[in-house]
Amino acid sequence: MYNATIVRKIEVTPELIILQVKPDAGVPDFLPGQYVALGLPGESPRPAHFPAEREPQAAGKLIKRAYSIGSSPSERGYFEFYIAIVPDGALTSRLVIPKEGDRVYVAPKVTGTFTLEEVPQEANLILISTGTGIAPFMSMLRTPATWTKQRKISVIHGVRYSKDLAYSDELRQLAARPDFSYLPIVSRADPEWTGERGHVQSLFQKGAVTAQPTNDHVFLCGNPAMVEDMEKLLVGDGFKVHARKTPGNLHLEKYW
Ligand SMILES: Cc1cc2nc3c(=O)[nH]c(=O)nc-3n(C[C@H](O)[C@H](O)[C@H](O)COP(=O)(O)OP(=O)(O)OC[C@H]3O[C@@H](n4cnc5c(N)ncnc54)[C@H](O)[C@@H]3O)c2cc1C
């Protein structure tokens, strides 16, 4: 069942890891924003100090979960994933153990419609995420075709603690561009944090961020409570949820 190798593992915090995984068959073509399943067999060990898992997993069974790809499709050496460890979760409680060089399963097929494929070149992008939901946006931002001449791009990233702001160095560097802005917001900020405090939703409620259905496409990714709250707010402002058959300017990806 193993068909891929972990080529790099970065521990952002004990609960957040970045994994770069090289499929034996090479990285297939995909679109920024898509996801692929990652897996380990049920007999893979879990840390002894973790709580019992929600459902015991049988040996020999492949435990598979979907992960947004954070790397650009032009990165042919590996897929990058940004993963929150759920201590009583089936797969992520096992994914904390493998190291660089260890083997995992990656599904051969990449899927998902949370992409820029049907977004007009001139539309601005407002990319809103919580936690590991920043991953598909990193793939988009790392892909030159995303940066059309006409558009402005903003990233809003909500996390609990400022140490959870993975990718903030890369995003702050990008923010030197006149067509890009990066707004991190922290809900349980330590006293040293000088940026925005609270939840993503509050930025819109207090008018610190606005979105116009005429010019902007909004992407929401991560915690379902954030996605649902923001969906209500934005639909109230005239946005329309995108679906293949009924195109709109509001794109949703819920992680659970
Ligand atoms: C399209 C899609 C893309 C996804 N991409 C990512 C990704 O890029 N990174 C990522 O970390 N997860 C992502 N997920 C969630 C991922 O598929 C798993 O659900 C998650 O890793 C938990 O798996 P598990 O087997 O450890 O937990 P399970 O035993 O399956 O328990 C699931 C529970 O874990 C919690 N949970 C799930 N995801 C998260 C999360 N991201 N942060 C905090 N708590 C969570 C929820 O309470 C959920 O009910 C994605 C899900 C979908 C549907």
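Student: What lies over the face of tryptophan 147?
Tutor: Arginine 177 does, at 3.9 Å from the ring centre. Keep in mind that this is a predicted model.

Student: Okay, and how confident is the prediction? What's the average pLDDT?
Tutor: The protein chain averages 97. A score of at least 70 is reached by 100% of the residues.

Student: Where is confidence lowest, and where is it highest?
Tutor: It is lowest in helix 4, residues 200–205, with a mean of 95. Helix 2, residues 135–141, is highest at 99.

Student: New topic. How many aromatic pairs are there?
Tutor: A search of the whole structure finds seven. One of them is tyrosine 67 with phenylalanine 81. Their ring centres are 6.4 Å apart and their planes are at 70°, so the pair is edge-to-face.

Student: Where do those two residues lie?
Tutor: Tyrosine 67 is in strand 4 (residues 62–68), and phenylalanine 81 is in strand 5 (residues 79–84). The pair therefore ties together parts that are 14 residues apart in sequence.

Student: Are they buried or exposed?
Tutor: Both tyrosine 67 and phenylalanine 81 are buried.

Student: And why is the pair of tyrosine 82 and tyrosine 167 edge-to-face?
Tutor: Because the planes of the two rings are at 85°, with over 60 counting as edge-to-face. The ring centres of tyrosine 82 and tyrosine 167 are 5.5 Å apart.

Student: Which parts of the chain does that pair link?
Tutor: Distant ones, 85 residues apart. Tyrosine 82 is in strand 5, while tyrosine 167 is in the loop between strand 8 (153–159) and helix 3 (168–174). Both tyrosines are buried.

Student: Last one. Which residues form an aromatic cluster?
Tutor: Phe30, Tyr67, Phe79 and Phe81 form one together.

Definitions and conventions
Residues numbered from 1 in each chain as written. Predicted model: local features only at pLDDT ≥ 70, side-chain atom pairs only at ≥ 80, totals over all residues. Heavy atoms only, no water. Phe/Tyr/Trp six-rings, centres within 6.5 Å; stacked < 30°, edge-to-face > 60°. Helix = DSSP H or I, 4+ residues; strand = E, 2+ residues; numbered from the N terminus. Buried < 20%, exposed > 50% of the residue type's maximum accessible area, 1.4 Å probe, protein only. Lys NZ or Arg CZ within 6 Å of the ring centre and 35° of its normal. pLDDT = per-residue confidence, 0-100.
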